[in-house]
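Dear colleague,

Please find below the structure that I am handing over to you.

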Amino acid sequence: MSCTRRDFLKATMGAATMLSLALPAPNVLVRAASTGDAQRDDRDTVLVVVQLSGGNDGLNTVVPYADDEYARNRPTLRLQSKDVHKIDSYIGFHPRMEAFSRLYKDGYLGIIHGIGYPNSDRSHDVAMRHWHTAKPGDPNCQTGWLGRAADSVWYANQKDMPAVFVGPIAQPFGMRAEHVIIPSIQTPDDLTIGPAPGESQRKRAVESFHADKDNPLLNHLRDCTANATANSRRIDAVVKATNTAEYPSFRLAETFRAVAKLIRADVGIRIFFTELGGGGIGGFDNHANQLGNHCALLHQLSESLAAFVYDLRKDKLLDRVLVMTISEFGRTVKENGRRGTGHGEAAPIFLAGGELKSRLVGSHPSLTDLDNGAMKFHTDFRRVYATVLDKWLGFESRTILDRQYEPLDILNV
Amino acid sequence: MAAQIEKLKDSGWAWAEYEPDAERPWNLAQAGHLYRRAAFGAGWDQLQQALTDGPQRTIDILLQPQGDIAEFNRTYDEYEAATGSMDQLRAWWLRRMIQTPHPLLEKMTLFWHSHFATNAAEVKSARLMQQHVLLLRNQALGSFRILLEGISQDSAMLLWLGAEANRKARPNENLARALMENFTLGPGHYTAKDLQEASRAFTGWFVLRSKLRYIPREHDENEKQILGRKGNFARDDVLRIILEQPATSRRLVCKLYRWLISETDKPEEDLIAPLAESFAKDYDVLKLVETMLRSNLFFSPAAYRRRIKCPAEFAIGIVNALEESVSTTQLANDLTDLGQNLYDPPTIKGWAGGKHWINSTAIVARRNLAAALLRGSGPYGNKLNPLVVAQRHGYATHESVRQFLLDLFLQSDLDSDVYDSPQKPVSGKDDGMEEQTRSLAYAIVTLPEFNLA
């Protein structure tokens, strides 16, 4: 294994000590039964999208260790069969993704092979924009698929925000919405009402105002103010409560911890979007000396996601949550002479959660039948989007994606 | 009031100049209303002066203030031109909104920014974005015709639309589509064929190295048929034809109605018709704005608090009332969190506005911004001090400070239970009054009513 301690330090900005932190006892999630017929939007499922910025090398993530072509094409980057965490006789997880291996064995992690889209673009900006708009054929598309998803359900409630971006970078285009304002936060505190000026404590003002029958805008403001106060209290309570869940000291883990808290607070957020690899082109873009950096990022992803999953499982919340990774493209099969890889095409998507029907979906793409040096996709990423929208969130993917993509039968819903 | 609502159905009365009478007196609430719409809120002196001057004289001043406005704007233009960064451009614009002697001009520049909705992230040039907003400002209260001509030749606009190359062999429909669908006629008032033909008229124009260029051999000289007219049309002909369409004038009047009068309901056709007809004659924006502001309708319950403040109005309203300026670099970031990233409207449709500004997380963010502005420490420092402002105007006792702040921010126009909810400063430690007044001001600007424009 050539993944050095220094690589880890570089990628994590600190020792990977495990922190013991306190989280609250499970919230009892009692939801009022919906009145009348079963609406599509009465679910409380949550989607967490994790963007791996820069184009993740799927081949060194889910490694076809038994394929001679893999060894032949990757003279310096190849991962040895003795080191990978074997999934079956052909593929295994990257050596530092021990946590993914555990999640997989526990049935909480799934791999969808061979994801991509027709006539895919190999520049970061364009390809990422395609994944964000979910409309590669429309270069003028000005909204992201998650932004449209939020817009599509806003009318049902109008008071609570169905989507949030959690992370230190600028909000990705995937959340750009025509109507709703989607907040970007770094910690759950960003969604709570802070203390008033001149006061050290948060004051619990009574926020009940009668409805004004005459002015719909004032009514809306009063309703939202009441919800803001109530939601803020719930988040405060969760943030203050003790919980013993352990998260590693990675930035992504902290983000997942924040998401877990907001899920516990139960304030109506259905979509979380976060990111690994940093703004700009992104840390997954390794044209040279890929091994160490990629290893560190995969380790962070794997440990952070596992901490999140087991934290939620402990509180019996895992069956409400589905995590999905996206990345703008995979990478070339053959390494490039600088111990790196070029921009490619097909790559796997990971799903994690408590309601996965199958752990391996689709076949691993061929390493010899290539398109300009990269593996060909067999499943359009918008089928995965349609799956999480229709099957998981209960939204209408057809209105969000402009046409009906065939969902995959991969979830127990 | 019922009689008034009834009268509003008569468009002649609705658009006639408001003259205060016993039933509809000129008072602090009306003055506050006017300053929320035609400016970014008011300070105490402005409100008092307005009470003395009466509505029409106050509107005269808002439309054409005294002072060297050109010089003020020239200075700011130079500051802006000297910066190469979008962050600084945002900060300069917000500072201009706060400091300007002509707030209505900035209010209308913001209106046109949302209307033409050009996005800096796509243009990728602070210089071009600066020139773009300068173009908006130059005609913000000028001629919509000249504005539209400028827009169709604006490098930032063409880059944003992906219309930087208009070849004869491959006419680019992006500019024509944006023009017809978003900037003028609106959906349903043109056909796909009109759009294609207009695109042919736009051929020959290119943005090369950020500069607009015309290449005659790339212009399609053949006959075009656009909106029922036939001829060898070029760019300016298309604009002329579009401006001749009644739909263009009507759409802009409706949009301005939503900006200046009410977001709660769509205006009746009868109400819009006389203004649309008049606007179509000369596309004089100042005249249209003036008609709306001076009208009975504007000073009626149909308009009063019938808009939701955009984040800039919310924040600058607090700053202006407290007679100071704050760090606008910080403010630009905070407004982004509230959903209003200047120079970066969400889509070509601009900011949706209205109820969309507000949801429970936006309320949390507005409250926390108000707290930051009023705290007296932290990112905004000690610039805003409500007690100092109250004392400056002669209010020093606990009850009078409370009354002053309610008048200043909300003209005390509140239901009695709401009016009672912000607690007055209570006697305590000697140095407690300032802190208590901050807390009180916060309680007032976080009332739902303060979010209404």
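In what follows, a helix axis is a line fitted to the C-alpha atoms over the stretch in contact, and the angle between two axes runs from 0 to 180 degrees between N-to-C directions. Please bear in mind throughout that this is a predicted model.

I begin with two helix pairs in chain B. In the first, helix α21 (residues 360-374) of chain B packs against helix α25 (residues 432-445) of chain B, at an angle of about 150 degrees and with the axes 10 Å apart. Angles over 145 degrees count as roughly antiparallel, and α21(B) and α25(B) are therefore roughly antiparallel to each other. Their crossing is right-handed. On the side of α21(B), the residues that meet the partner helix are B:A370, B:A371 and B:L374; on the side of α25(B), they are B:R438, B:A441, B:Y442 and B:V445. Sorted by class, this contact has six nonpolar residues, no polar residues and one charged residue.

The second pair consists of helix α8 (residues 103-116) of chain B and helix α10 (residues 126-138) of chain B, whose axes lie 8 Å apart at an angle of about 120 degrees. That angle makes α8(B) oblique to α10(B). Here too the crossing of α8(B) and α10(B) is right-handed. From α8(B), the residues B:L105, B:T109, B:W112, B:H113 and B:F116 meet B:V133, B:L136 and B:R137 of α10(B). The contact of α8(B) with α10(B) comprises five nonpolar residues, two polar and one charged.

One residue of chain B may also be of interest to you. B:A201 has its place in helix α14 (residues 192-201) of chain B. Is B:A201 buried or exposed? A residue counts as buried if 20 or more other C-beta atoms lie within 10 Å of its own; B:A201 has 25 C-beta neighbours inside 10 Å and therefore counts as buried. When neighbours within four places in sequence are left aside, B:A201 is in contact with B:K224, B:F233, B:A234, B:R235, B:D237 and B:V238. By way of a further distance, the C-alpha atom of B:A201 is separated by 23 Å from that of B:S143, and these two residues are 58 residues apart along the chain.

I turn now to chain A. It has 10 helices and 16 strands. Of its 413 residues, 55% are buried. Among contacts in chain A between residues at least 6 apart in sequence, 74% join residues at least 24 apart.

Chain A includes an open sheet of three strands in the order β3-β5-β4, with antiparallel pairing. The edge strands of this sheet are β3 (62-63) and β4 (85-86) of chain A, each of which pairs on one side only. Strand β5 (residues 92-93) of chain A runs antiparallel to β3(A) and is joined to it by two bridges. Within β5(A), A:G92 stands opposite A:V63.

Finally, I come to the contact between the two chains. How many residues does it take from chain A and from chain B? The contact takes 38 residues from chain A and 41 residues from chain B. On the side of chain A that touches chain B, the largest share, 12 residues, comes from helix α6 (residues 216-240) of chain A. By class, the residues on that side of chain A divide into 17 nonpolar, 15 polar and six charged.

With kind regards

Definitions and conventions:
Residues are numbered from 1 along each chain as its sequence is written. Chains are lettered from A and ligands numbered from 1 in the order in which they are written. This is a predicted model: local features need pLDDT of at least 70, side-chain atom pairs count only at pLDDT 80 or more; totals for chains, interfaces and linings use all residues. Helices (H or I, at least four residues) and strands (E, at least two) are DSSP runs, numbered from the N terminus. A residue is buried if 20 or more other C-beta atoms lie within 10 Å of its own, exposed if 12 or fewer, and partly exposed in between; C-beta atoms are placed from the backbone. Two residues are in contact if their C-beta atoms, placed from the backbone, lie within 7 Å. Ala, Val, Leu, Ile, Met, Phe, Trp, Tyr, Cys and Pro count as nonpolar, Asp, Glu, Lys and Arg as charged, and the others, Gly among them, as polar. Angles under 35 degrees count as roughly parallel, over 145 as roughly antiparallel, 65 to 115 as roughly perpendicular and the rest as oblique. A crossing is left-handed if the near helix is turned anticlockwise from the far one by less than a right angle, and right-handed if clockwise. Two strands pair if DSSP finds at least two bridges between them.
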